Amino acid sequence: MAVQINPSILSADFARLADEAKAVEGADFLHVDVMDNHFVPNLTLGVPVVESLARATDTPLDCHLMIEAPDRWAPQYVEAGASSVTFHVEAAAAPVRLAREIRAKGARASMALKPATPIEPYEDLLPELDMLLIMTVEPGFGGQAFLDIMLPKIRRTRELISKHGLQLWLQVDGGVSAATIERCAEAGADVFVAGSAVYGAEDPAEAVRALRKQAEG
Ligand code: DX5
Ligand code: ZN
């Protein structure tokens, strides 16, 4: 299981996004948090910024849409240049149709679960996805404390993925740091989003390398 580290630009300087992307060269994807102030109580950026960022960096973009109406918006993020697009199942009207549309447009399709959303009702949807995101904080803000109580959900999801013999990646997002990444990896996560732990570090590229090493165990 190859480990991937995706720095979240939510903790970067939004006035210097191209430089901040370069500061983490060597990262697998750049995690871009899109918030609409409806699905979550915070507002970040939208399609035009993703379009510019995609032109400014060679690192593929992993867009995490914390927005209402992802059925309408997600395809536009693929067109804007995102390599992976994550929608929240709590907001999607038709998750299977949406995942198929994202894939048909040429990006990886990913679905996110808030902390209180169980995985079990979605077991049959897993083959439609390239990645599943388990939130380890309530979505909306960087720098929150990791929710340990999500570890059993990560473990159960990894078991479901194995049971069905699927290749999909299992991503965790929220409070992932040197103090928590090993527990996430041990529970079965293989893609790690880190915002404050990377951009809050003296040397972000070194923080990515150190997290990768820890997750690889
Ligand atoms: C939170 C976002 C995260 C955030 C993580 O809603 O989805 O991607 O940037 O930040 P840290 O790693 O600081 O918890
Ligand atoms: Zn995120």
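The dialogue below goes through the labels one at a time.

Modeller: This is a predicted model, in which local features need pLDDT of at least 70 and side-chain atom pairs count only at pLDDT 80 or more, while totals for chains, interfaces and linings use all residues. Residues are numbered from 1 along each chain as its sequence is written, and chains are lettered from A and ligands numbered from 1 in the order in which they are written.

Biologist: What makes Val96 partly exposed?

Modeller: A residue is buried if 20 or more other C-beta atoms lie within 10 Å of its own, exposed if 12 or fewer, and partly exposed in between, with C-beta atoms placed from the backbone. Val96 has 15 other C-beta atoms within 10 Å, so it is partly exposed.

Biologist: Where does Val96 lie, and which residues does Val96 touch?

Modeller: Val96 belongs to helix 4; helices (H or I, at least four residues) and strands (E, at least two) are DSSP runs, numbered from the N terminus. Leaving out residues up to four places away in sequence, Val96 touches Leu125 and Glu128, where contact means C-beta atoms, placed from the backbone, within 7 Å. Val96 and Leu125 are 29 residues apart in sequence, and their C-alpha atoms are 6.9 Å apart in space.

Biologist: Which residues of helix 4 are buried, and why are they said to line one face?

Modeller: In helix 4 (residues 95-104), the buried residues are Pro95, Leu98, Ala99 and Ile102. Seen down the axis of helix 4, they fall within an arc of 100 degrees, so they line one face of the helix. The arc is that of the directions from the helix axis to the C-beta atoms. An α-helix has 3.6 residues a turn, so residues three or four places apart point the same way. On the other side of helix 4, Arg97 and Ala104 are exposed.

Biologist: What covers the buried residues of helix 4?

Modeller: The cover includes helix 3 (70-79), strand 4 (84-88) and strand 5 (108-113). Just after helix 4, Gly106 has a positive phi of about 105 degrees.

Biologist: Which residues other than glycine have a positive phi?

Modeller: Among them are Asn37, at about 65 degrees, and Ala69, near 55 degrees. Asn37 is in the loop between strand 2 and helix 2 (47-56), and Ala69 is in the loop between strand 3 and helix 3. Asn37 has 13 C-beta neighbours inside 10 Å, so it counts as partly exposed. Ala69 is partly exposed because 15 other C-beta atoms lie within 10 Å.

Biologist: How do you know whether Leu45 is buried or partly exposed?

Modeller: Leu45 has 18 C-beta neighbours inside 10 Å, so it counts as partly exposed. Leu45 lies in the loop between strand 2 and helix 2. Its C-alpha atom is separated by 9.8 Å from that of Leu10, 35 residues apart along the chain.

Biologist: Why are strand 1 and strand 2 placed at the edges of the sheet?

Modeller: The open sheet has eight strands in the order 1-8-7-6-5-4-3-2, with parallel pairing. Strand 1 (4-7) and strand 2 each have a single partner strand, so one side of each is left without a neighbour in the sheet. The twist averages 25 degrees from one strand to the next.

Biologist: What makes strand 2 and strand 3 a pair?

Modeller: Two strands pair if DSSP finds at least two bridges between them. Strand 2 and strand 3 (residues 61-66) have six bridges, in the parallel sense. Val34 stands opposite Leu65 in strand 3, and Met35 opposite Met66.

Biologist: Which helices pack on the sheet, and at what angles?

Modeller: Among them, helix 4 touches strand 4 and strand 5, and its direction makes about 145 degrees with that of strand 5. Helix 8 (residues 204-216) touches strand 1 and strand 8, and its direction makes about 145 degrees with that of strand 1. Axes are lines fitted to C-alpha atoms, for helices over the stretch in contact, and angles run from 0 to 180 degrees between N-to-C directions.

Biologist: How do you know that both faces of strand 2 are covered?

Modeller: Leu30, Val32 and Val34 on one side and His31, Asp33 and Met35 on the other are all buried.

Terms used:
Contact = placed C-beta atoms within 7 Å.
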